[in-house]
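Here is my note on the pockets of this protein. Please keep the model open while you read.

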Amino acid sequence: MNKIKCECGHVNPEGTVLCESCGKPIEGNQHIDGNDKKKLLNMRYDGTARRSQTYNKSIIDKIWSVFSSVKVGVWLIVLALIASAIGSIFPQEMYIPADAPSRDPAVFYEAQYGIFGLIFYQLGFHNLYSSWWYMVLIALIGISLVICSLDRFVPLYKALKKQKAKRHETFLRRQRLFSETNAVTDEEIQLIKQQLKNQKYKLQEENGHILAEKGRFSRWGPYVNHIGLIIILLAAILRLTPLFYTNEYVWVREGQQLVIPGTDGEYYIENKDFIIETYDKNDKKFQEAIVKEGGEIPSNFQTNAIIYKAEESSVPGADPDLTKIIEDSIRMNQPIQFDGYSIYQSGYQLNEFTNMTFKLHEVEDAEEKALGSFTIDLNSPKPEYILDNGFKVEISKYYPDYYLNDNNIPASKTNFPRNPAFVLLVYPPDSEEAEVSFLGIGKNIDATGENDYKLGITDFEMHDVSGLAVKRDYSLPFFGLGALIFMIGVIQGMYWQHRRIWIQPSNGGLLMAAHTNKNWFGVKKDIEKVIAGTQVNMVNDQQELDD
C-alpha cells in the first residue's frame with residue numbers, strides 16, 4: 001500500500017484527503033471529496049482514506065465499492081418499497097379469509113379480483129414477502145448498510161481519535177467559520193479558555209494551540225441507526241424460519257382431536273364445544289345495526305378447548321400418550337397461550353354435516369320398507385358399504401359442498417361437508433350391474449330412470465366448526481430491539497451536534513476557526529459567548545466562497 005508523507009512529517013494512508021496530523025490538504029487527492037472545486041474543505045469524513053475510494057483492482061474491491069455507495073443503498077430501498085407496495089394491493093395468501101369460497105390461491109385471486117388478481121397470482125406476488133427474490137433484496141440492503149457503515153465508521157473513528165490541536169493554517173482558513181485577530185493578550189486567551197469550559201467544551205492544548213470540542217458522540221448517530229436497521233432486517237429474515245415464526249390455520253370440529261399444525265406433532269387440541277352468542281334484536285341499542293346488517297350479529301363466539309402435550313412413546317410408531325396441560329375458552333382477542341404459541345379464534349362454520357344415514361328400499365314399495373341401511377362419515381367416507389342382505393353401495397362421486405357450475409356440471413365449492421351430495425352405485429345381490437342414483441339435500445334422482453331400488457336419507461348429525469389461527473413469533477423482540485436502537489441513533493444524531501473550535505496563535509495575533517456537522521447558528525452563538533469581553537474578532541461565515 002502506498003503511503004503519503006505530509007510536510008509535517010506524518011505518513012498518511014493512500015487515499016487520504018486531509019493530513020491526519022495537521023489537516024493540510026494533500027495535493028492529488030482533492031478530487032476524492034470534491035475539494036478541488038471548492039474554497040471550503042469537505043469535512044464530512046475529516047478527509048480520511050476510505051477503502052471504497054482507494055482500492056479498485058480486485059473483484060472484492062469492486063464489490064465493496066458498489067455496496068459502499070449511498071446511491072446504491074437508496075436504490076435498493078426504493079426497489080424494496082415498490083415491491084412491498086405491489087404486494088399490498090391484494091391480500092397475501094396467508095390473509096385469504098377463512099370463509100372464502102376457496103382458499104386455493106389459484107382460484108381465489110382470479111375469482112375475487114378478476115384478471116388483475118390472476119396476474120398478481122401468476123407473478124408470485126401472493127407470497128411476496130417470503131419469496132426468495134424479496135429476501136435477496138432485503139439481504140442486499142443489509143449488506144449495503146454493513147459495508148457503507150464500515151467504509152466510513154472505521155476511518156472516521158481513527159481520524160477523530162487522534163486529531164491534534166495544532167493544525168495547518170490552510171486547514172483553518174478553509175473552514176466555513178473563520179476569523180483572524182491581529183493582536184491578543186494572554187489574559188484574553190485565558191478568558192477564552194475559561195469560557196469554553198463554561199460552554200462544556202473539552203480542551204486539548206499543544207504549544208499554545210487549542211482544540212475545543214463537544215458532542216463528538218453525535219457523529220455516531222447514523223451508524224447506530226444502521227445497527228438498528230441491520231437487526232430489523234435480520235429479524236425479517238429469521239421470521240421466515242419455523243424456529244422463529246409460525247402462522248398456521250386449522251379447522252377443528254366439535255368433538256374432534258387433532259395435532260396442532262406447526263408444532264411438529266408435540267401438541268394436540270380438542271374442540272369440546274363451540275358457542276356463538278348474538279346481540280339481542282329486541283334491544284333498542286342494537287336494532288338499527290341489526291337491520292343494517294340484514295341479520296343477526298355475533299356478540300361472542302368461542303371454542304372451549306383442551307390442549308394436550310404428546311409424550312414420547314417407548315414403542316416406535318405407537319400413538320403418543322397425551323397429557324392435558326390447558327383447558328380453557330378461546331375468544332376473540334383472548335387466545336390460549338402455551339410454550340410460546342398463541343391460538344386465536346379466527347372463524348367458524350355453523351351446522352356442518354357430520355354423517356348421514358341412508359336406507360335402501362324397493363321403488364314399487366309404497367311403504368318404503370327398508371331392505372338395509374348404512375351411515376356415511378362425511379369427513380372420511382368409505383368407498384363402499386356392504387349391507388346385511390347382500391346389497392353393496394359404492395360412492396362414485398362425492399361433492400362435500402355441492403353446487404352446479406356455469407356449465408351445469410356438479411362441483412364442490414369447498415372440501416367441507418356443508419351441502420353434501422353423492423353419486424351412488426347400488427349393486428343388488430349376485431349382480432355386477434349397478435343402479436345409479438344421485439342424492440343430496442332435497443335431491444333424489446334416478447340417473448337411468450329404470451332403477452328397481454331407491455335410496456333415501458333417514459337421519460343426519462351436524463356439528464359446528466371452529467377456525468383457529470396458531471401463531472408463535474420469537475422475532476418480535478428483535479424487531480423491538482432494532483427499533484429501539486434505531487430511535488437512539490435518531491435522537492443521538494438529531495439533538496446533539498459535534499462542534500469543534502480551533503484557536504491558533506499567529507504572529508502575535510490569533511486565528512479562530514470552527515466546524516460543526518449541523519446547526520451552524522448554534523456554534524456561532526457559542527463563539528459569541530466565548531469571545532465576550534475580549535478583542536477577538538467574531539468568526540465570519542465563508543459559505544459564500546463556495547457559491
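Which element gives the most to the lining of the largest pocket?

1. β6 does, with seven residues. Helices (H or I, at least four residues) and strands (E, at least two) are DSSP runs, numbered from the N terminus.

2. This is a predicted model: local features need pLDDT of at least 70, side-chain atom pairs count only at pLDDT 80 or more, and totals for chains, interfaces and linings use all residues. Residues are numbered from 1 along each chain as its sequence is written, and side-chain values use heavy atoms, without hydrogens and water.

3. The largest pocket has a volume of about 1,200 Å³. A pocket, on a 1 Å grid over the protein atoms alone, is an open set of points where a 1.4 Å probe fits, with protein on both sides within 12 Å along at least five of seven lines; lining residues have an atom within 4 Å of a point. Volume is the space filled by probe spheres set on the points, which are joined across faces, edges and corners.

4. Lining this pocket are 37 residues; M94, Y95, R239, Y245 and N247 are the closest to its centre. α5 (132-161), β6 (245-253), β12 (341-362) and β21 (453-473) each give two or more residues.

5. The second largest pocket holds about 800 Å³ of space. Its lining has 34 residues, with N42, M43, R44, Y45 and N517 nearest the centre. Here α5 gives the largest share, six residues.
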